[in-house]
Amino acid sequence: MESNELKFVLAKDRCTLISAALGWLGSINTTLIGIHVTTLYLHLAVLNRSFLAKAYMTGGIATASTLALVFGSYLVWKDRAGMGGGFLNLAGGVVTLTLCCYFTSIFPLLRQLEPIAYLLPTPALASGLLASFMLKSDSKNI
């Protein structure tokens, strides 16, 4: 019986570490997307001032998503996925996916990254899903 419990704890620790690392990787991806798009908007603001508001809005959304991913990954790493770590990472991944879809299809600022642009939010989404599944499997084994 102890061997099974030890295997469960080791698997849970491994999943926790993987989920936190994926969340931090997702935060790096979100930061880079935000910097790229905000910089392009700031260059376009020279032509039309309406792009300046879009630059601030995009920068704010990317910053909020990055902070959610960093804090969510910290909560997952400290084994507090039940306190919202998995939800924060999933929400940050959904926001990043929305940004990528918007800037590749509707306003094509990420068109040059299109083959991999849709893969950039994958680590954050995977982190949130993994943390959510860990939480559900943890509650079943108690």
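Thr 58 is in contact with Val 37, Thr 38, Tyr 41 and Phe 103, leaving aside its neighbours within four places in sequence. Thr 58 sits in helix α2. The model is a predicted one.

**Thr 58**
- Is Thr 58 buried or exposed? Thr 58 counts as buried, because its relative accessibility is 6% and the cut-off for buried is under 20%.

**Helix α2**
- Just after α2 comes Asp 79, with a positive phi of about 65°.

**The nonpolar patch**
- Six names make up this surface patch: Leu 17, Trp 24, Val 70, Phe 71, Tyr 74 and Trp 77.
- Together they have about 590 Å² of accessible area.
- Which element gives the most? Helix α2 does, with 4 residues.
- An α-helix has 3.6 residues a turn, so residues three or four places apart point the same way.

**Trp 24**
- Trp 24 is found in helix α1.
- Trp 24 is one of the patch residues.
- Its relative accessible area is 31%, so Trp 24 is partly exposed. Partly exposed lies between the buried cut-off of 20% and the exposed cut-off of 50%.

Methods: Residues numbered from 1 in each chain as written. Predicted model: local features only at pLDDT ≥ 70, side-chain atom pairs only at ≥ 80, totals over all residues. Heavy atoms only, no water. Patch = residues over 30% accessible without salt bridge, like charges linked within 9 Å, V, L, I, M, F, W, Y side chains within 5 Å. Areas by Shrake-Rupley, 256 points an atom, 1.4 Å probe, with all protein chains shown as cover. Salt bridge = Lys/Arg side-chain N within 4 Å of Asp/Glu carboxyl O. Helix = DSSP H or I, 4+ residues; strand = E, 2+ residues; numbered from the N terminus. Buried < 20%, exposed > 50% of the residue type's maximum accessible area, 1.4 Å probe, protein only. Contact = heavy atoms within 4.5 Å.
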